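Please look over the sequence and the 3D structure shown below, and keep both in view while reading.

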Amino acid sequence: MDENRVGLPLGSQQLERWHRDGFLILENVLSPQEIVDLLGEVGTVISQHNNVSSHNTSQFHGKKYYNIHNPFDYTEGLDYLLDHPKTFNVVTYLMGPYIRAMSCHLFVRHPCRDGSTNLQKFHTDSGPALQRILPTRENLPLQLKFQFFLTNVKEDNASNFIAIPGSHLRRVEEHNPYCLISEANQYLEKGQLPPGAVQLKLKAGDVLIHALTLWHAVAPNHSNQSRLSISIRYGQMWFRDYYFAAAPHIMARMTPRQRRLLGDFNGETRGDLVYRPPEDQVSLMLGEKARAFGW
Ligand SMILES: O=C(O)CCC(=O)C(=O)O
Ligand SMILES: [Fe+2]
């Protein structure tokens, strides 16, 4: 298929890398002005969330590395990331139209020398059962995370996302309720990286996509800059949300597509099944791309 003619959002080499590695970096997604604006919004979120521990993960992850839940509660300036014109085509191309946004998190990674939190250990996302459901090329992904980087990560040990390329297809042999992977973490305990692990380098404005079964960890941050990024997790629509029931006043300000992504069917399910969305689901999510994307 001529992907330029039909406007497919990923080229065949990118798609190949995605399937092979379990992650993909989309470069220069955000414009310089968007980065400035989003950093301003992030400042608002950090100050307004006021360190209330039920609004972040600092009780589990510590004061240096934590995730702020649901930043839409503090500003409307991030709403558009849900269906950002440059990423949403990729989301729907990979996942299809029957999806929802399951979470939005602000990841705060301050300078920090030690490596003791679970985030810094190799893990998979989304729990021990999904750890045992490996993706295939033919199947739609169950979930994907899109992470918008707002600061540069150009050196090693600057809070890099560490990935083991191809590990999304590898079965984890043990059961750990936090999905920690001891066969990889034993290297970290010796101050080493496991074989094949890479500390990813990204620029502010790049977006990292990764599969939930990718073995990944976060490097310590020996730089003098906090690493800031915003993560949106998409799942097939029968998945649950993560800390993420958007309040009615937040839904009210959003577009119909953003509301639908947050699980609002406007009372119009087809039949009596909660996961069967209204007739316009495909056109709302894919618009004129529906046929080219195979729907
Ligand atoms: O900070 C990152 O880049 C990744 C965080 C992470 O792995 C997680 O929240 O599960
Ligand atoms: Fe993770």
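Predicted model: local features only at pLDDT ≥ 70, side-chain atom pairs only at ≥ 80, totals over all residues.

A polar side-chain atom of His216 comes to 3.1 Å from an oxygen atom of ligand 1, which falls under the heading of a polar contact, defined as a pair of N or O atoms within 3.5 Å, where within protein one must be able to donate a hydrogen and the other to accept it, and residues adjacent in sequence count only if both atoms are side-chain atoms. Taken alone, ligand 1 exposes 290 Å², and the protein buries 93% of that; such accessible areas come from the Shrake-Rupley method with a 1.4 Å probe, and for residues only the protein chains shown count as cover.

Residues are numbered from 1 along each chain as its sequence is written, chains are lettered from A and ligands numbered from 1 in the order in which they are written, and side-chain values use heavy atoms, with hydrogens and water left out.

To return to the ligand, a polar side-chain atom of Asp125 also lies 3.1 Å from an oxygen atom of ligand 1, and an N or O atom in the side chain of Lys145 is 3.4 Å from an oxygen atom of ligand 1. These residues belong to a shell around ligand 1 that also includes Asn67, Phe107, Arg109, Leu119 and His123, together with Gln147, Phe161, Val218 and Arg227, where a residue is near a molecule or strand if one of its heavy atoms lies within 4 Å of it. What kinds of residues make up this shell? The shell divides into four nonpolar, four polar and four charged residues, with Ala, Val, Leu, Ile, Met, Phe, Trp, Tyr, Cys and Pro counted as nonpolar, Asp, Glu, Lys and Arg as charged, and the others, Gly among them, as polar.

Strand E3 (99-109), strand E4 (143-149) and strand E8 (216-218) each supply at least two residues of that shell; in these names, helices (H or I, at least four residues) and strands (E, at least two) are DSSP runs, numbered from the N terminus. Strand E8 also takes part in an open sheet of three strands, with the order E6-E5-E8 and antiparallel pairing, and two strands are said to pair if DSSP finds at least two bridges between them. The edge strands of this sheet are strand E6 (198-199) and E8, each of which pairs on one side only. Strand E5 (residues 161-163) is joined to E6 by two bridges, the two running antiparallel, and Ala163 has Val198 in E6 as its bridge partner.

Strand E3 has an antiparallel neighbour in E2, to which it is joined by five bridges, and Tyr65 has Arg109 in E3 as its bridge partner. Five of the five residues of E2 are buried, so this strand is largely enclosed by the rest of the structure; buried means under 20% relative accessible area, exposed over 50%, and partly exposed in between (1.4 Å probe, protein chains only). In a regular strand the side chains alternate between the two faces of the sheet. Both faces of E2 are covered, with Tyr65, Asn67 and His69 buried on one side and Tyr66 and Ile68 buried on the other.

The loop between strand E2 (65-69) and H5 contains His84, which is buried, with a relative accessible area of 2%, and whose side chain reaches the backbone nitrogen of Lys86 at 2.9 Å. Helix H5 (residues 88-95) is largely enclosed by the rest of the structure, because seven of its eight residues are buried, and just after H5, Gly96 takes a positive phi of about 85 degrees.

A positive phi also occurs at Asn50, near 60 degrees, in a residue other than glycine. Asn50 sits in the loop between H3 and helix H4 (58-61) and is exposed, with a relative accessible area of 57%.

Finally, consider the cysteines: Cys104 counts as buried at 1% relative accessibility, and Cys179 likewise counts as buried at 1%. A search of the whole structure finds zero disulfides, a disulfide being a pair of cysteine sulfur atoms within 2.5 Å.
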